[in-house]
Amino acid sequence: MFCEVRTTNKYESFVSNVTKWGIDHLGVFPWRFCEDSYKILITEILLVRTSRDKVNAIWQDFFARFPTISALAKSTPSEISSIIHPLGLQRIRASQILELAIRLVEELDGIVPLNIDALARLKGVGQYVASATICFLTGEKTLVIDSNINRVIDRFFSGEDHDNYKSSMTILERILPLDNLDVRMFYFSLIDLGYEYCRRVPDCEKCVLRTSCSYNIHRH
Ligand code: SF4
């Protein structure tokens, strides 16, 4: 009879350390673990190239004024613009958001499609927003990679900062199938860890990954 010895591989160990850190340090934002597909979709659109603090500052006002996709579809660009102006590019963004809301109401009965390809095809959504919306809403293990996620994974596994997301995507494709992966907790923790410590100039001394991170090990 063989005794099964389970070894923890580097991906499992990475996920475990990141997620454990997140349990005590995760930022509290109203869109995290939200169950409203409309709010998650619009939030992810607003977060593109915009800091989460800025989005957080207008979030309650936005959804108090437009609580449903129908309410948003009945609004005007100037009404939307008046709320989202602190984010910048408010006129363009307001028109895009309104156009999307009208299309969802008129063509899809106001229902956000829970399918990445269908969602990504909608004008103003795109692959990243579609993937993030599906993952953060349903917990499906989709590929979600932004600059924070890329920087942590790239530095941790390769010790480098690559110009594109290619190597990080390959690593993520190995991580996502892991058993017992709480994908939302993992991504939120990774985003926050990148935001807190793994900035352009990283603060490795305070980072929970410092003892096993290739980037930190190679620079000493
Ligand atoms: S140890 Fe440094 S480089 Fe590595 S993930 Fe943490 S902050 Fe980033």
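Among contacts in this protein between residues at least 6 apart in sequence, 61% link residues at least 24 apart; two residues are in contact if their C-beta atoms, placed from the backbone, lie within 7 Å. What you're looking at is a predicted model, where local features need pLDDT of at least 70, side-chain atom pairs count only at pLDDT 80 or more, and totals for chains, interfaces and linings use all residues. Residues are numbered from 1 along each chain as its sequence is written.

Let's start with the overall layout. The protein has twelve helices and zero strands. Helices (H or I, at least four residues) and strands (E, at least two) are DSSP runs, numbered from the N terminus. The C-alpha atoms fill a box of roughly 65 × 45 × 30 Å, taken along the principal axes.

Now for the two domains, whose bounds come from an automatic or database domain assignment.

| Domain | Residues |
|---|---|
| domain 1 | 10-28 + 142-218 |
| domain 2 | 37-138 |

Taken over C-alpha atoms, the centres of domain 1 and domain 2 are 27 Å apart. Where they touch, six residues of domain 1 are in contact with six residues of domain 2. The domain 1 side of that meeting has four nonpolar, one polar and one charged residues. Here Ala, Val, Leu, Ile, Met, Phe, Trp, Tyr, Cys and Pro count as nonpolar, Asp, Glu, Lys and Arg as charged, and the others, Gly among them, as polar.

What about the inside? Of the 220 residues in the protein, 30% are buried, meaning that 20 or more other C-beta atoms lie within 10 Å of a residue's own. Setting aside its neighbours within four places in sequence, Ile97 is in contact with Ile42, Ile45, Ile80 and Gly124.

Finally, a look at one helix pair. The axes of helix 9 (residues 147-158) and helix 10 (residues 166-175) come within 9 Å and cross at roughly 85 degrees; axes are lines fitted to C-alpha atoms over the stretch in contact, with angles from 0 to 180 degrees between N-to-C directions. Helix 9 and helix 10 are therefore roughly perpendicular, a label for angles of 65 to 115 degrees. Asn150, Ile153, Asp154, Phe157 and Ser158 of helix 9 meet Ser167, Ser168, Ile171 and Leu172 of helix 10.

Note on methods: Angles under 35 degrees count as roughly parallel, over 145 as roughly antiparallel, 65 to 115 as roughly perpendicular and the rest as oblique. A residue is buried if 20 or more other C-beta atoms lie within 10 Å of its own, exposed if 12 or fewer, and partly exposed in between; C-beta atoms are placed from the backbone.
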